[in-house]
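We will walk through ring contacts, charges over rings and salt bridges, one stop at a time.

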Amino acid sequence: MGDERNWAGNLLYRASSIEHPESIDELRGLLTAGGSVRVLGSRHCFNDIADTTGSLIALDRMPQVIDISPARDSVRVSGGLRYGDIAPVLEEQGLALANLASLPHISVAGAVATGTHGSGDATGSLASAVRAVTVMTASGEVRSLARGDDGFDGAVVALGALGAVIDLTLDVEPSYQVAQHVFEHPSWDAILRDLGAVTGVGTSVSIFSTWQRTDVADQIWIKQRVPATRADAAERRAAREALAVSLGAAPAEGKRHPIIGVDPEACTEQEGVAGPWFQRLPHFKLEFTPSAGAEIQSEYLVPRLDAVAAIEAVRSLADRIAPLLLVNEIRTVCADDLWLSSSYGTDAVGLHFTWKPDEAAVRELLPTIEAALPASARPHWGKVFTLDGAEVRSRYPRWDDFAALVAKHDPERRLVNEYLERLGL
């Protein structure tokens with residue numbers, strides 16, 4: 001097959017071939033050909049969740065669908081499209097998604113299947129916007145489930161275990177503008193005294209730290225929907241300024257990158273300059289390589305009530321974490337009812353680690369971090385973690401229901417790979 005790797009280059013795919021169907025019939029032929037098979041998204045996963053010794057199927061050449069409903073409250077999109085592909089089309093129609101991840105380069109189906117999220121106290125993960133999903137199973141059957149249907153809550157964040165996602169229908173709303181403000185060197189003690197005040201000051205808030213220091217974080221990024229009135233805008237500005245004073249933080253003097261010392265050209269506009277939602281909610285612009293490029297990522301999401309304890313646990317390990325770390329980002333996700341969502345049943349706080357590309361050293365450290373975190377911490381499905389499969393399963397109350405749903409869709413287990421076997425499927 002050649003030297004086919006994931007986006008970051010830390011994983012070499014073992015598949016015998018990577019196929020790019022261009023029609024439903026071609027897709028069905030590949031799925032029903034026999035043998036092991038998995039579906040590949042935009043490759044922004046850092047573990048072997050998408051790998052197989054059989055065939056990999058990429059949906060990037062399937063017919064592109066962006067179909068806005070007559071009521072203008074939803075859009076049906078083909079699973080292989082990236083968020084960066086559909087966002088400008090929605091904006092042209094005066095519509096928007098409620099949330100985007102930190103980078104727009106990821107495929108819709110892949111992001112949803114792994115529970116990928118953006119940020120916001122009142123904002124759910126990307127998967128929470130899904131109101132319907134259509135998959136083609138390994139037997140070639142097309143099945144659709146809509147919000148409220150039996151099994152729907154297990155079919156959204158599905159780890160690629162049900163079949164190839166042909167399309168998804170997403171909630172949309174009227175377009176809006178967002179402004180982004182960056183503050184530097186906030187006190188960790190002040191942040192942890194009232195974490196809710198920090199994460200609630202904007203529509204989306206990210207706390208960045210390299211953990212080179214344990215008294216202050218590096219930056220706080222506040223993304224705020226532009227208020228409808230001047231009075232509301234003044235109130236928001238006063239709240240940001242008061243929070244900065246309470247944290248001992250100063251406004252950044254110029255544009256910043258999350259990783260200290262990296263050129264911020266790739267980042268979306270800051271310094272309070274308002275712009276369309278899809279040009280501010282992500283941290284990075286579509287036309288640039290996001291983040292560091294060569295990196296490894298891990299993430300753990302904990303219930304809101306465990307967030308301060310989780311951050312303190314990380315702070316206690318700063319001297320071991322910092323030498324391997326590019327940046328740690330902390331942000332929030334609203335609760336949902338999706339069985340394998342990391343925010344299933346609870347508002348959550350994510351602790352995201354972007355590591356230097358030394359996977360052996362990262363994997364050696366991760367068990368120490370995982371042991372220090374609260375036992376409620378759920379790892380991001382698409383990133384590197386070392387927790388035992390049985391332990392991971394125990395943190396998802398609907399796991400057995402999900403396993404039954406997988407057995408119904410893939411009774412021959414042709415979509416089950418080593419990753420899913422480690423989890424107990």
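Searching the whole structure turns up nine aromatic pairs, where rings of Phe, Tyr and Trp (its six-membered ring) pair if their centres lie within 6.5 Å, with planes under 30 degrees apart counted as stacked, over 60 as edge-to-face and the rest as tilted. Bear in mind that this is a predicted model: local features need pLDDT of at least 70 and side-chain atom pairs count only at pLDDT 80 or more, while totals for chains, interfaces and linings use all residues. For your selections, residues are numbered from 1 along each chain as its sequence is written, and side-chain values use heavy atoms, with hydrogens and water left out.

Select tyrosine 176 and tryptophan 277 to see a tilted pair, 6.4 Å centre to centre with 40° between the planes. Tyrosine 176 is in the loop between strands S10 (173-174) and S11 (177-184), and tryptophan 277 is in the loop between strands S15 (275-276) and S16 (296-303), so this contact ties together parts 101 residues apart in sequence. Strands here are DSSP runs (E, at least two residues), numbered from the N terminus. Tyrosine 176 is buried at 9% relative accessibility, and tryptophan 277 is buried at 0%; buried means under 20% relative accessible area, exposed over 50%, and partly exposed in between (1.4 Å probe, protein chains only).

Next, pick phenylalanine 208 and tryptophan 221, an edge-to-face pair at 5.1 Å centre to centre and 65° between the planes. Phenylalanine 208 belongs to strand S12 (residues 204-209) and tryptophan 221 to strand S13 (residues 219-225), so the pair ties together parts 13 residues apart in sequence.

Move on to Trp381, Tyr396, Trp399 and Phe402, which form one aromatic cluster.

What joins arginine 398 and aspartate 401? Their side chains meet in a salt bridge, 2.5 Å from N to O; the term means a side-chain nitrogen of Lys or Arg within 4 Å of a carboxyl oxygen of Asp or Glu. Elsewhere, salt bridges with shared partners link Asp73, Arg131, Arg147 and Asp171 into one network.

For a last stop, select arginine 331 and glutamate 329, whose salt bridge spans 3.6 Å from N to O; both residues are buried.

Conventions:
Helices (H or I, at least four residues) and strands (E, at least two) are DSSP runs, numbered from the N terminus.
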